[in-house]
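Welcome, and please open your viewer. We will take a short walk through some packed helices and then look into a pocket.

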Amino acid sequence: MNNYIAENKDRFLNELLEMLRIPSVSADPKFKADVLRTADFVKQKLQEAGADKVELVETPGNPVVYGEKIIDPNLPTVLVYGHYDVQPADPYELWNSPPFEPVIKDGKIYARGACDDKGQMYMHIKAFETMMRTNTLTCNVRFMIEGEEEVGSTNLATFVKENKEKLQGDVILISDTGMLANDTPSITTGLRGMSYLEVEVTGPNRDLHSGLYGGAVANPINILCKMIASLHDEHNHITIPGFYDNVQELSKEERAEMARAPFDLDKYKKALDLGDVYGEDGYSTMERNSIRPTLDVNGIWGGYTGEGAKTVIPSKAFAKISMRLVPNQTSDEITEKFTRHFESIAPASVKVVVRPHHGGEPVVTPTDSVAYQAAARAYEDTFGVKPVPVRSGGSIPIVAMFSSELGLSSVLMGFGLDSDAIHSPNEHFGVFNYMKGIETIPLFYKHFAEMSK
């Protein structure tokens, strides 16, 4: 098997680069044709790898690529999930090379989607091809690759509900997370949920001259900034009433276990060019970005932002706000509490509208399951050390949905690194990580089949 991977390394890389050249940005309608082209690419490569019944399943949005290989109904079935859509590449000017013209530099593949999630999704297709060509496939496998993850998996729940028989399996395998380091593999055992909203603050019925009206009429940008600033107190606690009511508090023992994961604060600050870290009092950096809920402004705009000066009091101001949630919080509950609070703190001089975008629920997966143990053994085989279980600060809302709709737990076998700049300019994915994923994934199948007997 390893010989096959080594012999085909250049082709595996070139195929990924070919896919990365397609700007499959799901958030921007102007890239719709490219999103569909990427779906066709994934379909073709699944067919070439040896999958049967490969199809593009239409949805009201972007299609889901489905394929399967059932070698023996008595064997366990692995359902592979991934996504072929990517985040917008803006701001383009901050990229050192064009985001959709991938380059390999210093052992890293630079392109939008290199890590999230094209590179990690494509590892599974190449791992499947490897098992097919070397006659080492030990489980049945089904693929479900969607094109709307970066916009909240809008239509995936409907697809899953309508195709439960087609999606039957024993475990869901996902590579859309990361690991601690190339010499310290880890398996993600927890994900935060999310509530994502957009707020609009309106003052006067038109933009006004800031000299004639300044000081007498509320400036929506000023008001919005004050409202946002009030959402955290001096201890960086979120001030929305009831926000922490259902937050699951970890025990001292659980926090001590988390602290065993290797973490170098100085390297963390240096990598981000930070003078110091920042966050909720009473928690470590690793705890703040994994087991604690957060509230962040993801974008804010209004008024004149072009070249030169234009002295206006704008009519409107906007912001996009996301809240990461932890176990026992729900997106509907937090969305409602945010909306009620944000509307209540607005002065009478402005009008406020809160528009929910999408949400997802937090998930914690067990470490004593057969699937987790099979994944741990696979990592140990290829990295030479046992992986560390870690909680991730990110969100994959569909994991909770898979559990509720299909009754299946997920194993999160990520091979990216925190330094891969996903969702940011100069996103990249190590060639080492890409190839290590292709090498490790087949061993998960091997151990899962053996341990499921």
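Here is what to select, stop by stop.

Before you click, note that this is a predicted model, in which local features need pLDDT of at least 70, side-chain atom pairs count only at pLDDT 80 or more, and totals for chains, interfaces and linings use all residues. Residues are numbered from 1 along each chain as its sequence is written, and side-chain values use heavy atoms, with hydrogens and water left out.

**Stop one: α2 and α3**

Select residues 9-20 for helix α2 and residues 32-49 for helix α3. Helices here are DSSP runs (H or I, at least four residues) and strands likewise (E, at least two), numbered from the N terminus. The two axes lie 10 Å apart, at an angle of about 160 degrees. Axes are lines fitted to C-alpha atoms, for helices over the stretch in contact, and angles run from 0 to 180 degrees between N-to-C directions. α2 and α3 are therefore roughly antiparallel; angles under 35 degrees count as roughly parallel, over 145 as roughly antiparallel, 65 to 115 as roughly perpendicular and the rest as oblique. Show E15, E18 and M19 of α2, which meet T38, F41, V42 and K45 of α3; contact means heavy atoms within 4.5 Å.

**Stop two: α14 and its neighbours**

Now select α14, residues 431-451, together with α12, residues 370-383. Their axes come within 8 Å and cross at roughly 135 degrees, which means that α12 is oblique to α14. Among the residues of α12 in this contact are V370 and F383, and those of α14 include F432 and M451.

On the α4 side, look for Y122 and M131, among others; on the α14 side, partners include Y434 and Y445.

**Stop three: the second largest pocket**

Which residues lie nearest the centre of the second largest pocket? Select T189, E257, M258, P389 and V390, which are among its 15 lining residues. A pocket is an open set of points on a 1 Å grid over the protein atoms alone, where a 1.4 Å probe fits, with protein on both sides within 12 Å along at least five of seven lines; lining residues have an atom within 4 Å of a point. Finally, colour α8 (252-258) and β16 (388-391), each of which supplies at least two lining residues. The largest share, 4 residues, comes from β16.
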